[in-house]
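The sequence and the model come next, and the sections after them go through selected parts.

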Amino acid sequence: MSDERMLEHALPEFAQARQDLQTHTVREAVIRFYARHDARMDAAIHASPQALACDKGCSHCCRQFDVVALPVEVFEIHAHVFRHFKPDALRSTIQRVSSYVAKRKGVSEETRLSLREACPFLVDNSCSIYPVRPSVCRNYHATDANNCEKSLKEPFSTWPTTYVDDVFFTAMGSAAGFRNAVAEQGLDTKEYHLSAAFLETVQNPHCVKRFKSGKSAFVKATHTGFNQAESSRAA
Ligand code: SF4
């Protein structure tokens, strides 16, 4: 049943993204995906009888874990900050990201979880890269902010999930449809730790070349091990 609910969104997204990838650059394709994805999410949220607790200024979810992103998403964030940030903001972003990455060098996933440091793209409780934030951030939602706060304070305790089913399956299905279309092109769809991958893109322009030639985009940034090309297909 959950597979069917995901497929309802994965299949149309896969078809549209596949078409986009034939007629647009991969970076244009990710922006077009975000527009469709946000529209699907908005429709699911508005149709839900349960209200979401998420609101501007609430940033518990930006402190919970290391955000992951696909290489295409990392490149879009990189392009965005270099195009739109003023020199001071760009410098401080790179400094925050560098310090965040340095603290995580060689640490286990469990230790990463216990650090609970704010995402380095979070500024004054707002996402500084909001228009190009990765899909995992677009997907996160909750009906009870208290649980988000509790899980921030006690990461190893179990708190009730306060996702809305329809919103969750919309998010997962739509994101899987896009990821599969990118994977079909033979491109890297591993989920890398965003900060490390962003920093590597700043330091090494060859990341984009590697990605375009079908290789792993990043050699230093760690990833979750999830590779869509090797996983069972949702679309
Ligand atoms: S990228 Fe933006 S939305 Fe995502 S965790 Fe970082 S600050 Fe929050």
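## Terms and basis

A residue is called buried when its relative accessible area is under 20%, exposed when it is over 50%, and partly exposed in between, using a 1.4 Å probe and protein chains only. Helices (H or I, at least four residues) and strands (E, at least two) are DSSP runs, numbered from the N terminus.

This is a predicted model, in which local features need pLDDT of at least 70 and side-chain atom pairs count only at pLDDT 80 or more, while totals for chains, interfaces and linings use all residues. Residues are numbered from 1 along each chain as its sequence is written, and side-chain values use heavy atoms, with hydrogens and water left out.

## Helix 4

The buried residues of helix 4 are Leu-90, Thr-93, Val-97, Tyr-100 and Arg-104. They lie on the same side of helix 4, because they cover an arc of only 100 degrees around the axis; the arc is that of the directions from the helix axis to the C-beta atoms. An α-helix has 3.6 residues a turn, so residues three or four places apart point the same way. Pro-87, Asp-88, Gln-95 and Ala-102 are exposed, on the face of helix 4 turned away from its buried side. The buried residues of helix 4 pack against helix 3 (71-84), helix 5 (109-115) and helix 9 (194-203), where contact means heavy atoms within 4.5 Å.

Helix 4 runs over residues 87-104, and its 18 residues should span 26 Å at 1.5 Å a residue; the end C-alpha atoms are 26 Å apart, which agrees. The expected span is 1.5 Å times one less than the number of residues. After helix 4 comes Gly-106, with a positive phi near 75 degrees. Within helix 4, Thr-93 is buried, at a relative accessible area of 1%. Thr-93 is in contact with Phe-85 and Phe-121, leaving aside its neighbours within four places in sequence.

## The nonpolar cores

A nonpolar core is a set of buried Ala, Val, Leu, Ile, Met, Phe, Trp, Tyr and Cys residues joined through side-chain atoms within 4.5 Å. In soluble globular proteins, nonpolar side chains tend to be buried together. The largest core here has 38 residues, of which Ile-77, Phe-121, Phe-178 and Phe-218 touch the most other members. At least two residues of this core come from each of helix 1 (2-23), helix 2 (26-47), helix 3, helix 4, helix 8 (165-184), helix 9 and helix 10 (206-212). There is also a second, separate core of five residues, among them Met-41, Ala-44, Val-164 and Val-167.

Which residues does Ile-77 touch, not counting residues up to four places away in sequence? They are Phe-121, Ile-129, Val-132, Pro-134, Leu-194 and Phe-198. Ile-77 belongs to helix 3 and counts as buried, at 0% relative accessibility. Its C-alpha atom and that of Met-172, 95 residues apart along the chain, are separated by 21 Å.

Helix 1 has 22 residues and reaches 32 Å from its first C-alpha to its last, close to the 32 Å expected. Helix 1 bends by about 30 degrees at Glu-8, and Pro-12 follows within four residues; the bend is the angle between axes fitted to the seven residues ending at a residue and the seven starting there. The buried residues in helix 1 are His-9, Ala-10, Glu-13, Phe-14, Ala-17, Asp-20 and Leu-21. Helix 2 and helix 8 are among what covers them.

Helix 8 is mostly covered, with 15 of its 20 residues buried. Its end C-alpha atoms are 28 Å apart, in agreement with the 28 Å that 20 residues should span. Helix 8 is followed by Gly-186, which has a positive phi near 80 degrees.

Asp-124 and Asn-125 are not glycines, yet phi is positive in both: about 50 degrees at Asp-124 and near 65 degrees at Asn-125. Asp-124 is exposed, with a relative accessible area of 73%, whereas Asn-125 is partly exposed at 35%.

Lys-150, in helix 7 (residues 145-153), is partly exposed at 38%. Cys-119 is buried at 15% and Cys-127 is partly exposed at 28%. The structure holds zero disulfides, a disulfide being a pair of cysteine sulfur atoms within 2.5 Å.
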